[in-house]
Amino acid sequence: MKNPYTDDFSQAALYLQPKACGWSKRHGKVMAKSEKQKIKILYLMQLLLERTDEEHSVTTRELIDALAGYGIPAERKSIYADIDALIEYGMDIIKIKERPGGYYVASRQFELAELKLLVDAVQASKFITSKKSKELIEKLESLCSSSQAKELHRQVAVTNRNKAINENIYYNVDLIYSAIGKNAKIRFQYFDWNVKKEMELRRDGMYYIVSPWLLTWDDENYYLIAYDDRSRMIRHYRVDKMLRIALLEEKRDGKSRFDDFDLADYSKKTFGMFAGEEETVTLVCQKELTGVMLDRFGKDIVMRQKDEQMIQVRVDVAVSRQFFGWLTGLGALVRIEAPKAVSDAYRSYLSEILDRYAR
C-alpha cells in the first residue's frame, strides 16, 4: 500500500534535487554570465583605452567580438548604454556617425607628446638603471593606445646612453623619503668605483650617520642633502653610491640650518655637486657671456658693464676643480679678477694641466 507521507515526499524531494533536474548546472551558467556582465563595462573601457586613439577607432561589432573573446556576451544596445555610461563617467569618447561608425578615446590623462617627454627623461637619466628604465617605460606605454606605444618603443630603440649600475637607488630614495617623513636619522655606507669596476667602501666601510633633509636631481644624478653629525655641516651624497641604508630611531639634527636653506642657491654655488670653500668671486668676461652668467648663477647676481666689451660679475661659488674646469671651458673670454687667492689657485690649476702635456 502506498504511503502518502513517505512516497509522495520522496518524489517531491527527488524533483527538488538540483542534480536530478539539472538546475545546479543551469544556475551556475546563469551566475557565471551574471558575474561577467557586472564587469563588462570595465573590459569595454580597457578595450577602448588599449585599441583606440584619434587615428584608430573600433566599431560596435568589433567590441562585441572582443568581449566574446573574454567570455562576455554583449548586444548592441548594451554596448550603446555602456558607452554612454563611460562618457557620463568622464571618458572623452568620440562617436563616429559616418559608416561604418565606431568609437575612439580622444584624450587621456597624458597626451602622446607628454609621454614622449617622460620616456626621453627616463632614458636620459643616468641614475636610472637600464633594467628599471625598461620597466618604467613599459608602464608609460600602458598609458596610451597600443598603436601609440609603438611610437614610444621606437623612440627608446634609438637611444644609447650610459646608465647607473646600482639597482638599489629606488629603494634608497624611498627609504630616504620615509626617514624625512618620520624625522629620523639614517645610516649608510658610501662607495667609489675602482678601475676594475668594483665597489670600494669609503672610510673602510664605516657607516655614515646623517640627518636627511632634501633630495635633489643635479647634473643627471640624485643627491641627498643632509646634516652631517660628524662634521656638523651640510653635506651632499650621491644616492646611487649609498649602500645598506637603514632608518635610526634618533631624531634629525640641523633643523635650524635648513629653516632658510635655498636649494637652488646651493646648487648654483656647487659645481657638479663638488664641495669647496665658499667665496665671493669677481669675474671679468666678454659681454657675449652675459647670458651664460645669468643661466649659471641666476638673475640675482651683481653685474655691471666694465667697458664697451667687458662686464664684471660678482658671484658666490664653492671654489673647486669643477668650478675651475667650468671657467676653462669658457677659455680666454673670462678671467678671475678677485680675490687674488682664488686667481692664484686657478693659475696653479692651469699650470698643472700644462705641465702634464710638457712631459
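Q: Which residues form one aromatic cluster?
A: Phe188, Tyr190, Tyr208 and Tyr237 form the cluster. This is a predicted model: local features need pLDDT of at least 70, side-chain atom pairs count only at pLDDT 80 or more, and totals for chains, interfaces and linings use all residues. Residues are numbered from 1 along each chain as its sequence is written, and side-chain values use heavy atoms, leaving out hydrogens and water.

Q: What sits over the ring of tyrosine 208, and at what distance from its centre?
A: The charged end of arginine 203 does, 3.8 Å from the centre of the ring. The test is NZ of Lys or CZ of Arg within 6 Å of the ring centre and within 35 degrees of the ring normal. Arginine 252 lies over the face of tryptophan 213, at 3.6 Å from the ring centre.

Q: How many aromatic pairs does a search of the whole structure find, and why is the pair of phenylalanine 323 and phenylalanine 324 called tilted?
A: The search finds 14 pairs. Phenylalanine 323 and phenylalanine 324 are 5.8 Å apart, centre to centre, with 40° between the planes. Rings of Phe, Tyr and Trp (its six-membered ring) pair with centres within 6.5 Å; planes under 30 degrees apart are stacked, over 60 edge-to-face, the rest tilted. At 40°, this pair is therefore tilted.

Q: What makes the pair of tyrosine 346 and tyrosine 349 stacked?
A: The planes are 15° apart, and the centres 6.2 Å. That angle falls in the stacked range, so the pair is stacked. Both tyrosine 346 and tyrosine 349 lie in helix H14 (residues 340-358), 3 residues apart, about one turn of the helix. Helices here are DSSP runs (H or I, at least four residues), numbered from the N terminus.

Q: Are tyrosine 346 and tyrosine 349 buried or exposed?
A: Buried means under 20% relative accessible area, exposed over 50%, and partly exposed in between (1.4 Å probe, protein chains only). Tyrosine 346 has 11% and counts as buried. Tyrosine 349 has 13% and is buried too. Phenylalanine 323 and phenylalanine 324 are also buried.

Q: Why does glutamine 148 count as buried?
A: Its relative accessibility is 16%, so glutamine 148 falls in the buried class. Glutamine 148 is found in helix H8 (residues 146-157). Beyond residues up to four places away in sequence, glutamine 148 touches Asp53, Arg108 and Leu112. Touching means heavy atoms within 4.5 Å.

Q: What makes H6 roughly antiparallel to H7?
A: Helix H6 (residues 112-124) and helix H7 (residues 130-141) pack at about 175°, with axes 10 Å apart. Angles run from 0 to 180 degrees between N-to-C directions of axes fitted to C-alpha atoms over the stretch in contact. Under 35 degrees is roughly parallel, over 145 roughly antiparallel, 65 to 115 roughly perpendicular, the rest oblique. H6 is therefore roughly antiparallel to H7. Leu115, Leu118, Val119, Val122 and Gln123 of H6 meet Ser133, Leu136, Ile137 and Leu140 of H7.

Q: Why are H4 and H5 called roughly perpendicular?
A: The axes of helix H4 (residues 60-69) and helix H5 (residues 76-89) cross at roughly 100° and come within 10 Å. That makes H4 and H5 roughly perpendicular. The contact uses Thr60, Arg61, Leu63, Ile64 and Leu67 of H4 and Arg76, Ile79 and Tyr80 of H5.

Q: How do you know that H13 and H14 are roughly perpendicular?
A: The axes of helix H13 (residues 321-330) and H14 cross at roughly 75° and come within 11 Å. H13 and H14 are therefore roughly perpendicular. Among the contact residues are Phe324 of H13 and Tyr346 and Tyr349 of H14.

Note on methods:
Helices (H or I, at least four residues) and strands (E, at least two) are DSSP runs, numbered from the N terminus.
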